[in-house]
Amino acid sequence: MIAADGLTRIANGRRIVDGVSVRFEGGRLNLVIGPNGAGKSTLLKLLSRLVRPDAGWVRYDGDGGREMSLASLAKIRAVLSQNVEIAFPLRVREVVMMGRYPHFTGRPSAQDEQACEEVMRLFDIDGVAERDHLTLSGGEQQRVHFARVLAQIWFPEPGRSRYLFLDEPLTFLDVFHQFDFMRKLQALLRSDLVVVGVLHDLNLAARFADSLVLLHQGRVLAAGPADQVLTRENVQAAFGLAPTILRPDGKRPILVFD
Amino acid sequence: MNRTLSFALAATLLCGCRFANQEQGEHKERLVSLSKQYSEIIYALGAQQDLVAVDLSSTYPPEIRSLPTVGYHRALSVEGLVAVKPTLILHDGNVGPEHVMRQLEQLKIPMKVFETGGGDDLASAKQLVLEMGRFFHKEARAGELNRKLDADMAKAAREAQTWKKKPGVMIVHFGRAMNVYLTMTSASTAGRMIGWAGGEMAVRGERGMVQLSPEVVAQADPDVLLLTDFGYDRLGSPEMVKTSLPGISTTRAARGGRIYRVEEHDLVYVGPRTGENVLELQRLIHAGDAAP
Amino acid sequence: MPVTRPRSPYGGVVPALAVALVVLAVFSVRLGAIPIGFGEMASAMSKAWSAPGGLDLTERIFLEIRLPRAIATVLVGASLALGGVLLQGLFRNPIVEPGLLGTSSGAAFGAALYFVLGAALKFHAGEWTLPVAACLGGALATACVFLLAETAGSHRESTTTVLLIGIAVNALFLSGVGLLAYVARDPQARSITFWGLGTLSGASWRAVAVLAVTTSVGLLLALRYARHLNALMLGESEALGLGVDVARVKLIVVAIDVVLVGVATSFTGIIAFVGLIVPHLLRLLKGSDHRYLMVGGALAGAIVLTLADVAARVLLRPAELPIGIVTSAVGAPLFVALLRGRRERFE
């Protein structure tokens, strides 16, 4: 479980994130949505503790009194940024193995190798394990990064939950792989794994989210289940465009814009 | 960067030109001279039989060009020196880079600097000739050279009295290290020689040479313009000199058509021939003046 | 379920490089105006211990000139290549190296300042003063590049920006060197201009001692950060997420780079492109793991510079070409090729 209260981040005189308080539970797909410039990426950086807030706090369950070191945090928390670009030739296997760096200092152990094998198989990239990642398509490269990030938290640390943060993970994927990834993510959900993702696509968010946070101008506009957050008024207020909301199965909304 | 590049390229190209020659014959002693002044005096003393190699700037007398060279005296290489198997290296302290000299010492190759320092006046030049004469056991010849020098200088001094004017003289030199034209000043050895020749260096200064610029030329406005060999040959003729060098065309020298070529090695150090050179300079700078 | 550990794809390169280096170094020692045979080398080395007074000229040339030069070439080549690996890892850019980013010219400036002022102030603190002065100069120049890159905002990752900043800083410090050469009294001025284009002719046993210390310590320290530089390849944010203290790593790696390159430059002048050529070739060969790049880089850098030194000594024999000309003649076209390849792929 992640709890955050009054998170604020200021840059260039602007409040990019302004007093955000949220709570995310493990075992659920928590998604953050909002228009460009709403502060989603920054919020994710704050929640994943890559960046210190100017005000407010973030707490993970199991946090002791002392602040965790960067290195120990990396054993239980993985973040995938937008647009990871690597300028050098590297084998796919090497990229995935980097996810295990927080867990070994010298050579990788058998456990590290095992984690890599399993995630590569999960994301269907074990076939290209020895290839230079630069020769892969955008979608394949993205899957390599998924594998790496999951490898990082593949095994639980005793007594702690694990945390996975994904910033716009679907950008380079075709529609098949978008759905495929979201389903795999759902399959991985467990009570001791907290997943927080930022998504662009409102319909995908509606389709898969167990809990949604709608961010607008650095503040939480709405939070809760999809049908509560994705109302015509909320969407209009945040995005400036009013949708038609359909509910074919009565539960999850589908938004249509014209 | 430009300067170092030109310097290094010039040095290496020049080396390339003069490394083709093979040494000839057997030598008991193998002398290498790294000073053009020493080289000339050695030949003047008739002591050149053991000389096996010289530096690039040793260009007088003409027969010295048949000797192999070991490089530019300020950019020597150990391998180049060692290749000629010297038993003694003569230099005047104006050599570099420093680490080469250090390495030669480590190799225990004997080196000698003559005690008489690098003065550019007649007294030390004669002293050097005597010292070298003793070293090479050519004392008699050394004495002859000095007497001739004295005689020529005395003649020059007498002639100088007869001329009414002291013409203003400017000497332009092409600095190959920096690829620019320079002008010698009153502080240089050439400046002294002009003085002995009854002239006056038009450019005053503390450093031996300054860069040629229109301001310098305008302020100097010489009656006579001399160019050293390399720089003159680059341009080809007095007309080219007038058009190519800044500010020259409006000088008295240009208008009077008094632009002449001189050899650099006649001007930059005092040696046995300095007397002859001064007389020649005298003739050159006073040519066209009203006869006494 | 047990998993068989895959064989390292980098295997075999390092031993091959080591062998090649030894062979080349021996070959290089034999070359020169006076060729030196194996017998003479052996007798020189045994006499050095037992009867140092009894060495003949060839043996002295071997011990005092060729051998220290060969060893210094190996150490300088290793230092420069390692500097290139480190900077490329830091900037996440394969088209940077200490020569292009001002570290070398800053070091040259520091050394030149020491030549000029040291004589004037009559200050001399032993063998280490010159290298220290060079390191300070190199640190200053590199700091300039970093600061300017930081303020370039969103463009700071761009190759073009970084290279342009490097050109500017280079120009600044090189003109400083030129100015110092101009105002210097004669002996110092000669040293500065002579060594401005890079030369190994000044190599002495003292230089070898200093270089041995900095190169080995530099390599050992750098290896401890190999994994961090690997992680940094993913981006600063990602590296942070993997537990890498990015700011601290950057500082330490830059410091190692400045010391390696600064000390090398203080003895040899500016030798460019070694730090560019070597990591690039190694990556093409096997990939980008930094442990491999560091060890392989040190060896390959030594090989490259030894080859360049042989060329410098042989091409215009017995005159010496400044080694910086040789490395630039090969490195500059490669640099252009790298730039073109990169443009097609990314911009």
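Leaving aside neighbours within four places in sequence, Ala147(A) is in contact with Val96(A), Val119(A), Met120(A), Phe123(A) and Ile125(A), where contact means that the C-beta atoms of two residues, placed from the backbone, lie within 7 Å. The model is predicted, so that local features need a pLDDT of at least 70 and side-chain atom pairs count only at pLDDT 80 or more, while totals for chains, interfaces and linings use all residues. Residues are numbered from 1 along each chain as its sequence is written, and chains are lettered from A and ligands numbered from 1 in the order in which they are written.

The predictor assigns the complex an ipTM of 0.90 and a pTM of 0.83. For chain C the average pLDDT (the predictor's confidence in each residue, from 0 to 100) is 84, and 88% of its residues score at least 70.

A residue counts as buried if 20 or more other C-beta atoms lie within 10 Å of its own, as exposed if 12 or fewer do, and as partly exposed in between, with C-beta atoms placed from the backbone. Helices (H or I, at least four residues) and strands (E, at least two) are DSSP runs numbered from the N terminus.

Two pairs of chains touch, and the most contacts are between chains B and C. Chains A and B share no contact, and their closest C-alpha atoms are 32 Å apart. Between chains C and A, 25 residues of chain C are in contact with 24 residues of chain A. On the chain C side, the elements giving two or more residues are α9 (226-232) and α10 (236-241). The largest share, four residues, comes from α10(C). This side of chain C comprises ten nonpolar, eight polar and seven charged residues; Ala, Val, Leu, Ile, Met, Phe, Trp, Tyr, Cys and Pro count as nonpolar, Asp, Glu, Lys and Arg as charged, and the others, Gly among them, as polar.

In chain A, five of the six residues of strand β8 (residues 211-216) are buried, so the strand is largely enclosed by the rest of the structure. Strands are taken to pair if DSSP finds at least two bridges between them. Strand β3 (residues 29-33) of chain A runs parallel to β8(A), joined by four bridges, and Ile33(A) has Leu214(A) as its bridge partner. With strand β9 (residues 219-224) of chain A, β8(A) pairs in the antiparallel sense over five bridges; here Leu214(A) stands opposite Ala222(A). Two residues lie between the strands of the β8(A)-β9(A) hairpin, in which Gln217(A) takes a positive phi near 50°.

Most residues other than glycine have a negative phi, and most peptide bonds are trans. Asn12(A), in the loop between β1 (2-11) and β2 (14-24) of chain A, has a positive phi of about 55°. Asn12(A) is exposed, with 5 other C-beta atoms within 10 Å. Asp221(B) has a positive phi of about 35° and lies in the loop between α8 (214-220) and β9 (224-228) of chain B. Asp221(B) is partly exposed, with 14 other C-beta atoms within 10 Å. A cis peptide bond, with omega about 0°, joins Tyr60(B) and Pro61(B); Pro61(B) is in the loop between β2 (51-54) and α3 (78-83) of chain B.
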